[in-house]
Amino acid sequence: MKRRDFLVQGAALAAAGALPRLGQAWVTAAGPAPGASGIALICDPRDPIASAPPARWALGTLQQALTARGIPTRVLPAPGDATPEERLIVSAGAPGALGRGSGVRLPTSPEALAIAGGALGEREAVFALGSDVRGLLYATTELADLAASGLDPSEPAAFPKPVVQAPANRVRSVLRQFASDVEDKPWFNDRAFWPAYFGMLAAQRFNRVNLTFGLGYDFAQQLKDTYFYFTYPFLVKVPGYDVRATGLPDAERDRNLELLRFISDEAAAKGLEFQLGLWTHAYVWQDSPAVNYVIEGLTPQTHAPYCRDALSLVLRECPNITGVTLRIHGESGVPERSWELWRTIFGGVKVGRPVSLDLHAKGIDQETLDAALSIGVPVSVSPKFWAEHMGLPYHQADIRPNEIPPDRPVQGLMARSAGDRSFTRYGYADLLREDRPYDVLYRIWPGTQRVLLWSDPAFAAAYGRAGSFGGGMGIEIMEPL
């Protein structure tokens with residue numbers, strides 16, 4: 001089985017496994033299937049939430065699920081356009097006129113949803129409501145799940161009590177890594193893969209995806225596969241610099257950028273934020289005679305300005321990239337305490353639209369935070385939720401002996417993360433100060449992936465709540481490496 005097929009089928013099984021719980025919550029699994037008259041999906045084009053592209057995509061998913069069961073289904077702009085025999089499902093933003101027939105008071109918090117039975121005049125209807133576009137997407141894809149599982153989402157009696165939900169965490173993210181041109185080029189270049197993958201994530205209520213480059217090695221030595229390792233020259237030619245990856249055709253570089261634009265656009269079409277992860281800023285490979293690509297045209301003097309200008313160019317060419325994640329400790333190839341270099345690179349995210357800056361927390365110090373905050377964009381720090389250990393994930397409550405700072409100063413590439421800031425290697429350390437001007441996002445590092453396979457709703461819910469510990473933004477799950 002192909003990996004993406006496994007992911008899609010696994011998500012479908014997980015959704016099906018949750019259905020008995022939904023049936024208990026809603027009392028009944030639904031009435032008889034509609035007759036030949038079918039179902040009318042009502043979406044007012046004047047409703048800015050319901051008519052937004054991600055919400056319309058979700059409505060199309062519901063229509064496909066019903067059609068696959070042989071149920072005639074139409075999308076109509078108003079209830080009056082439906083025949084008297086058609087059952088009604090209304091897709092609406094909470095403030096809209098159509099949503100009032102549900103009688104539900106939906107929270108005004110982001111991404112809240114409601115599913116309820118109600119009435120439009122003298123006609124019964126099922127309402128899928130959202131406080132915003134994502135909330136409506138989640139409500140609608142929930143109905144699509146029910147339809148795909150053989151239930152009837154158009155029967156108001158199936159919802160004797162409204163289902164009203166809001167997320168526990170602001171961020172629910174998946175990090176997907178490109179590490180090898182042999183292993184990863186096929187899915188990266190597969191344009192049919194990305195819409196299905198993002199659709200799966202959106203339907204399972206993730207709201208962010210982090211496509212990460214440069215995480216295949218800890219250090220820039222003994223390298224063999226450096227495709228996208230130092231990412232910029234694999235995407236753009238930056239005016240004023242003659243920087244390139246040896247052997248990479250210009251046409252392939254340009255296709256990579258166009259594909260990144262396509263991928264980030266597809267994420268936006270499914271209501272997902274798109275984070276670009278750049279984990280390596282080294283450009284000189286050590287002890288690597290068999291490496292496939294070498295970076296040419298950079299010097300220590302042009303390194304930081306080139307990275308800034310290249311990052312800015314990528315963000316301008318891909319307007320649906322909403323954030324950038326950077327590894328800022330020594331494994332990035334940049335010696336720690338290089339504060340001015342990072343300040344220069346950070347400046348590349350300021351491109352005239354909101355783009356956030358996320359910093360991997362290992363070895364982070366106040367000077368680096370100050371450099372990031374000085375740019376004037378939203379800043380977050382992302383510590384490892386539970387190190388890289390085999391076992392249950394946890395918030396660490398103590399410093400392990402080998403992370404206690406040494407008595408003497410440490411010099412070199414890892415001066416902070418192996419020195420006086422070594423306790424930031426695993427866990428959130430001292431980053432949860434109450435007056436912090438930055439956010440904290442917990443990243444579940446791949447020590448063991450069994451946590452993702454147990455499929456126990458109570459277990460998953462508990463870790464969901466842990467994602468907002470100390471005011472955290474939420475959780476990012478790294479796919480198995």
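This is a predicted model: local features need pLDDT of at least 70, side-chain atom pairs count only at pLDDT 80 or more; totals for chains, interfaces and linings use all residues.
Me: How many aromatic pairs does a search of the whole structure find?
Reply: Rings of Phe, Tyr and Trp pair if their centres lie within 6.5 Å. Run that search over the whole structure and the number of aromatic pairs is 34.

Me: Phe178 and Phe188 form an aromatic pair, but of which kind?
Reply: Their centres are 5.6 Å apart, with 80 degrees between the planes. Planes over 60 degrees apart get their own label, so this pair is edge-to-face.

Me: How many residues apart in sequence are the parts that this pair of Phe178 and Phe188 ties together?
Reply: Phe178 lies in strand 7, residues 171–178. Phe188 belongs to helix 4, residues 181–188, so the separation of the parts in sequence is 10 residues.

Me: What about Phe178 and Tyr227: is that pair stacked, edge-to-face or tilted?
Reply: Here the ring centres sit 5.9 Å apart and the planes make 35 degrees. Stacked needs under 30 degrees and edge-to-face needs over 60, so this pair is tilted.

Me: Is Tyr227 buried or exposed?
Reply: Tyr227 sits in the loop between strand 8 and strand 9. Its relative accessible area is 3%, and the cut-off is under 20%, so Tyr227 is buried.

Me: The charged end of which residue sits over the ring of Tyr197?
Reply: Tyr197 is in a cluster linked by ring pairs, including Phe178 and Tyr227. A charged end lies 4.8 Å from the centre of the Tyr197 ring, and it belongs to Arg176.

Note on methods
Residues are numbered from 1 along each chain as its sequence is written. Side-chain values use heavy atoms; hydrogens and water are left out. Rings of Phe, Tyr and Trp (its six-membered ring) pair if their centres lie within 6.5 Å; planes under 30 degrees apart count as stacked, over 60 as edge-to-face and the rest as tilted. Helices (H or I, at least four residues) and strands (E, at least two) are DSSP runs, numbered from the N terminus. Buried means under 20% relative accessible area, exposed over 50%, partly exposed in between (1.4 Å probe, protein chains only). A charge sits over a ring if NZ of Lys or CZ of Arg is within 6 Å of the ring centre and within 35 degrees of the ring normal.
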